[in-house]
Amino acid sequence: MSALALTTGSGIAAAAPALDPAVEASNYSKTLERQTIYDTPSYQAQLRSFGTQAEADAIQAEANDPEREFMSDLCWNLSDGCAGDIRLWSWGPNHNGMVKPVLFTARDGATLSGHVWATKSGPAQRPGVVITNGSVQADEQMYWYAAQTLAKAGYVVLTWDPQGQGQSDTYGEGVDQNEGFPAQTDGRPFFDGTEDALNFFFSTPQSPYVPESSCSTGTSHAAKQARRVKAGLDAGYNPFWQLFDGKHVGLAGHSYGAAGVSYIGQWDPRVDAIVAWDNLSQASPGKGGNESFPPGEMGCPAHPEDRTDVTPKLAAGHGKPALGMSADYFLPPEPNTSYPDQSGCAAAAAAYENGQAPSQSEGLNCKSLASMEYSKHGIDSGEIVIRGGSHLDFSFIPNQAFGATLRGADEVAWYTTAWFDKYLKHNPEADQRLLTDRWLHDPQEAAIDPGHDGNMFSFYHPSRLEIHTFAGQAKVAKGKRLIRKGRRLRAHGKRARGKHLIARGKRLVAKGRVPFDCEDMRAGCDGRLTGNDGWPGEYSYVDIDTSPDQGLPGTLAPVPQAKHRRHHRRHHKHSGR
């Protein structure tokens with residue numbers, strides 16, 4: 001694992017290279033690439049048509065269910081930039097897969113809106129993924145590209161709007177009306193809301209969803225959930241509960257949602273793996289009210305144990321594998337006026353080790369800060385940085401004001417699926433996809449790039465992976481077998497032979513425990529990336545998501561590891577958060 005800062009041999013931070021204006025202009029121009037998808041007459045006509053119908057449907061939905069109040073949310077009507085990628089809107093009618101809309105009650109009484117995704121084809125029992133939006137401009141539709149890709153790969157997936165987003169209520173209920181408002185500064189809708197979404201995802205007819213009591217007052221809004229279920233308004237449980245294996249679940253989140261899943265994913269024992277889209281952060285609740293970077297959540301007076309910092313678990317090597325993904329430019333994407341300053345990254349890492357959150361500039365310049373901390377403690381992690389991409393590559397917004405690259409979403413879908421395939425399905429083929437060289441020479445990237453560069457990894461910010469491979473695990477297992485055999489031989493008097501096998505076994509164990517560690521994926525990891533990743537031809541989430549409902553490469557059934565985990569954990573029955 002390399003140092004975070006650019007250093008000289010003496011350990012003194014080296015001066016950052018001078019910014020080349022021409023190179024920077026070319027790199028920044030990549031944020032204009034996505035508009036080549038949606039700035040066509042046919043796409044715009046379809047966008048307007050879909051938007052008009054979506055707005056009418058939203059107005060009718062609130063009229064039919066006047067208890068809901070979501071029209072003060074920025075993207076309530078799902079039109080224009082809030083539509084997501086409209087090429088994916090006909091998932092159900094086109095028989096690309098199955099989707100069920102759901103409503104359920106948050107712990108503060110707000111009604112939350114979402115969709116559950118799956119396919120008819122595939123294993124009878126599947127792992128699950130819950131996706132948490134970013135804040136302000138991000139409704140769940142912007143992440144349907146990832147949800148549908150994961151569903152095609154053999155997952156049950158929940159997308160949902162946190163309170164104050166999309167078509168979820170802006171406010172809570174009664175005495176908890178202001179809990180979670182405004183969402184983008186309060187933060188609880190992205191942290192506590194993720195836990196609520198997980199509880200709903202684990203619910204079944206035998207164990208229906210019951211919301212936790214609120215943070216502000218400890219009030220239970222279970223009666224509202226029960227009343228709305230009885231009236232046929234809310235879902236009582238996950239509609240695809242029979243497909244979800246109840247054993248393997250991952251969290252993905254963007255922006256404020258990335259901060260939320262970075263914490264909840266480590267805090268909740270049911271979660272097995274995390275993917276944080278811009279960006280992975282500490283396993284801490286942080287502070288809401290614009291008081292910290294990355295963003296955090298406001299307090300929980302009724303349940304103070306729900307704000308336990310679980311970063312010490314990571315330091316003890318007990319964390320879950322977590323992948324960070326980010327891009328060259330943040331929000332709004334603005335061109336660099338100087339070379340990104342990484343000279344303070346080593347100091348930021350030392351402070352981070354002691355629990356001090358980075359400043360915003362440190363977080364943006366030292367993108368691998370959290371990932372490196374994971375690796376330091378032996379927990380599999382990585383940081384993939386999209387060249388020329390922005391904070392908006394992770395949410396599909398068909399509007400020129402929200403710049404993104406052409407292929408960023410494909411890269412996001414690829415690594416997200418591969419990460420979950422490795423840590424939820426325990427599929428050995430996932431290693432090949434994580435260690436692929438395809439993103440070093442992507443044909444579509446080369447075709448649209450101003451310099452015809454097909455390498456999608458940033459040259460400003462190194463992309464990295466440090467993971468324990470299945471091949472390494474096999475060596476460890478073989479080494480342990482040899483050690484046991486050697487000890488048996490030695491016990492039966494065959495000391496020389498036994499000693500030889502024990503020594504050989506220890507060497508295999510030591511070798512197998514060394515992780516694959518690459519600190520600059522753009523440079524090719526010294527030739528250790530593979531051209532045989534198991535995926536035929538070019539990769540396109542649109543082609544995957546709009547394909548007939550049938551199996552795709554890499555969709556192995558998960559390895560059974562545990563009994564179905566309880567979907568709902570009352571505060572007095574658990575500890576840690």
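Me: Before we start on this predicted model, what counts as a cavity here?
Reply: A cavity is a set of grid points where a 1.4 Å probe fits but cannot get out, and this model, which is a predicted one, holds three cavities of 30 Å³ or more.

Me: How much space lies in the second largest cavity?
Reply: About 90 Å³ of space lies in the second largest cavity.

Me: And which residues are closest to its centre?
Reply: The second largest cavity is lined by 14 residues, and of these Asp108, Gln163, Arg188, Pro189 and Gly193 are the closest to its centre.

Me: Which helix gives the most to that lining?
Reply: That is helix H6, spanning residues 188-201, which gives five residues to the lining of the second largest cavity.

Me: What is the lining like by class?
Reply: The lining of the second largest cavity has six charged residues, together with five nonpolar and three polar ones.

Me: Changing topic, at what angle do H4 and H13 cross?
Reply: The axes of helix H4, residues 144-152, and helix H13, residues 408-423, cross at roughly 40° and come within 10 Å; because angles under 35 degrees count as roughly parallel and 65 to 115 as roughly perpendicular, H4 is oblique to H13.

Me: Left-handed or right-handed?
Reply: The crossing of H4 and H13 is right-handed.

Me: Which residues make the contact?
Reply: On the H4 side the contact is made by Tyr145, Thr149 and Leu150, while H13 brings Ala409, Val412, Ala413, Thr416, Thr417 and Phe420.

Me: How many of them are charged?
Reply: The contact of H4 with H13 has no charged residues, and by class it is made up of six nonpolar and three polar ones.

Key. Residues numbered from 1 in each chain as written. Predicted model: local features only at pLDDT ≥ 70, side-chain atom pairs only at ≥ 80, totals over all residues. Heavy atoms only, no water. Axes fitted to C-alpha atoms, helices over the stretch in contact; angles between N-to-C directions. Helix = DSSP H or I, 4+ residues; strand = E, 2+ residues; numbered from the N terminus. Parallel < 35°, antiparallel > 145°, perpendicular 65-115°, else oblique. Left-handed = near helix turned anticlockwise from the far one by under 90°. Contact = heavy atoms within 4.5 Å. Nonpolar A, V, L, I, M, F, W, Y, C, P; charged D, E, K, R; others polar. 1 Å grid on protein atoms, 1.4 Å probe; cavity = no way out; pocket = protein on both sides within 12 Å on 5 of 7 lines; lining within 4 Å. Points joined across faces, edges and corners; volume = space filled by probe spheres on them.
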